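The sequence and the model are shown first.

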Amino acid sequence: MERTPSHPQVSQFNLQQVLEALVDPVRRSIVAQLDAAGEDIACGAFDIAVSKSTATHHFKVLREAGLIRQHYVGTSRMNTLRRAEMDEVFPGLLDALTAPQAQGR
């Protein structure tokens, strides 16, 4: 059984789905934390004040929109921001989201 969840291809990215994923402040926080870290982060290592089941939902929404890629390292599900792919399809979107002035919103 494959443990790695499915991810959309770049050709399947949909602006409406990406924007709907980013409308939630918890999901924007996850994206911002991944961007700032510059490396993969385990699901349990994010600074988000939601239950584990709610966090799982947020990660799924981000993954299905194409914003993150998930894979396992041992028993930890790791998250990677798909910045290069997002920048290719929607140039400037993640820059606007992660800019210092956007963080206060």
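## Sheet

Three strands form an open sheet in the order β1-β3-β2, with antiparallel pairing. Its edge strands, each pairing on one side only, are β1 (41-42) and β2 (68-73). Two strands count as paired if DSSP finds at least two bridges between them. Helices (H or I, at least four residues) and strands (E, at least two) are DSSP runs, numbered from the N terminus.

The model is predicted: local features need pLDDT of at least 70, side-chain atom pairs count only at pLDDT 80 or more, and totals for chains, interfaces and linings use all residues. Residues are numbered from 1 along each chain as its sequence is written, and side-chain values use heavy atoms, with hydrogens and water left out.

## Strand pairing

Six bridges join β2 to strand β3 (residues 76-81) in the antiparallel sense. Among the facing residues, Y72 stands opposite R77 in β3, H71 has M78 of β3 as its bridge partner, and Q70 has N79 of β3. The hairpin of β2 and β3 has two residues between the strands, and G74 in this hairpin takes a positive phi near 65°.

On the β1 side, β1 and β3 pair in the antiparallel sense over two bridges. There the bridge partner of A42 is M78 in β3.

Contact means heavy atoms within 4.5 Å. Axes are lines fitted to C-alpha atoms, for helices over the stretch in contact, and angles run from 0 to 180 degrees between N-to-C directions.

## Packing of α1 with α3

Helix α1 (residues 15-22) packs with helix α3 (residues 52-65) at an angle of about 155°, and their axes are 9 Å apart. The pair is therefore roughly antiparallel (angles under 35 degrees count as roughly parallel, over 145 as roughly antiparallel, 65 to 115 as roughly perpendicular and the rest as oblique). The crossing of α1 and α3 is left-handed; that term applies if the near helix is turned anticlockwise from the far one by less than a right angle, and right-handed applies if clockwise.

Q17, V18 and A21 of α1 make the contact with V61, L62, E64 and A65 of α3. These residues divide into five nonpolar, one polar and one charged. Ala, Val, Leu, Ile, Met, Phe, Trp, Tyr, Cys and Pro count as nonpolar, Asp, Glu, Lys and Arg as charged, and the others, Gly among them, as polar.

## Packing of α2 with α3

The axes of α2 and α3 are 10 Å apart, at an angle of about 70°. This angle makes α2 roughly perpendicular to α3. Their crossing is right-handed.

In this contact V26, R27, I30 and V31 of α2 meet H57, H58, F59, V61 and L62 of α3. The residues comprise six nonpolar, two polar and one charged.

## Whole chain

The protein chain has six helices and three strands, in the sequence pattern α-α-β-α-β-β-α-α-α. Its C-alpha trace spans about 40 × 30 × 20 Å along the principal axes.

A compact globule of 105 residues would have a radius of gyration near 13 Å, and the 13 Å of the protein chain agrees. The radius is taken over C-alpha atoms, and the globule rule is 2.2 Å times the number of residues to the power 0.38.
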